[in-house]
Amino acid sequence: MKRILITLFSITALVGTVVAQPRFTSNTEMHSFGQIEWKHPVTAQYTVTNTGDQPLVLTEVDPDCACSVAQWTKTPIAPGAKGTVSVTFDAEALGHFQKSVAIYTNAQPHLVYLKFNGEVVREIKDFTKTHPYLIGQIRIDRNSLDFPDVQHGEKPVLHMGVVNLSERPYEPVLMHLPPYLRMEAKPHVLQKGEKGMITLTLDSEKLADLGLTQTSVYLARFAGDKVGDENEIPVSAILLPDFSGMTDTEKANAPAISLSAKDIDMSPVLAKKSKARQDIILTNTGRAPLQISKLQVFHPAVGVSLKKSLLQPGESTRLRVTVVKRNIGKKRRHLRLLMITNDPMQPKVEINIKAKQ
């Protein structure tokens, strides 16, 4: 009987080991650019979700040709959390193309492929698909500027495509740039129907603090334009603590944060009441004290309270989230909370809030 029990225990332990693993899931396998203009680089951005129950690490991202350059989330992606893979294609060769990007991870399988395709042409006449967002008579290919996972000292780059549909020459300008962003537009002036590129470089050393820094810039629609809701473009940057110098032993003995929920839906309550509230339990499942150094929310509809910000190993605390219905429509930004911790596997923890009225 003892031998049978030992055998059953061994099988159970083995099954537990097999099940506990990271899992790579992308929002799409194929990104289609459609038509893009010759020698005007474009960027495909894939959202990666760890649908497993162990941290996911993207160890390497390798495009299949020198015509593409990749950037990706280099910090571990916690279970349920998201990362990004961005691939910029140089569009130097005319004609149809289909490219692939090899993603190496610590999940099974260790290698997966993401793809993108399109056609490089000398002239684009219909920009509704390539530049879906319209501000005045200017079309752009993105309506937000997000730098999701930045380490101190890094200078990540974002590109925003611009098309002039007005009758006059147009100079692409982003107004109210914060000191940590530098902008360059090429060409400096766009004639009617001409396409250009705004390149934004983030200087992480000029960010004030860890966590989420959020602001807005405004696309000038013409010379002398003013700022307003119609030409607002939200900007966000998340500066993470640096754990690159930690040894494997230090990581094994580090704190570890666990949450009872990372996605909450307040919609059913808000359909009947003016205010909704939900509690999330935070637990330190690691071996050292857990410090929640930042708890941020940037939407007037959301309020939070945290009972304790320092948790000993095995200790739990309550995070209370409140949403006020009448304030939901005041900002276009989605509802979320951001925590910065000293857990090297989850330095950034995001809680997404669904709150339809």
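By salt bridge I mean a side-chain nitrogen of Lys or Arg within 4 Å of a carboxyl oxygen of Asp or Glu. Side chains of opposite charge can pair when their charged atoms come close.

A word on the source. This is a predicted model, in which local features need pLDDT of at least 70 and side-chain atom pairs count only at pLDDT 80 or more, while totals for chains, interfaces and linings use all residues. Residues are numbered from 1 along each chain as its sequence is written, and side-chain values use heavy atoms, with hydrogens and water left out.

Back to the pair. Is D225 buried or exposed? D225 is buried, at 11% relative accessibility, whereas R221 is partly exposed at 21%. The cut-offs are these: buried is under 20% relative accessible area, exposed is over 50%, and partly exposed lies in between, using a 1.4 Å probe and protein chains only.

How many salt bridges does the structure hold? There are 9. Another one joins R320 to D279, with the closest N and O atoms 2.8 Å apart. This pair links distant parts of the chain, 41 residues apart: R320 lies in strand β24 (residues 316-324) and D279 in strand β20 (residues 275-284). Strands here are DSSP runs of E, at least two residues, numbered from the N terminus. R320 is partly exposed at 21%, and D279 is partly exposed at 33%.

Next, E315 and K308 meet in a salt bridge at 2.4 Å, N to O. E315 has 22% relative accessibility and K308 has 36%; partly exposed applies to E315 and to K308. Finally, salt bridges with shared partners join D149, R336, K348 and E350 into one network.

How values were computed. Helices (H or I, at least four residues) and strands (E, at least two) are DSSP runs, numbered from the N terminus.
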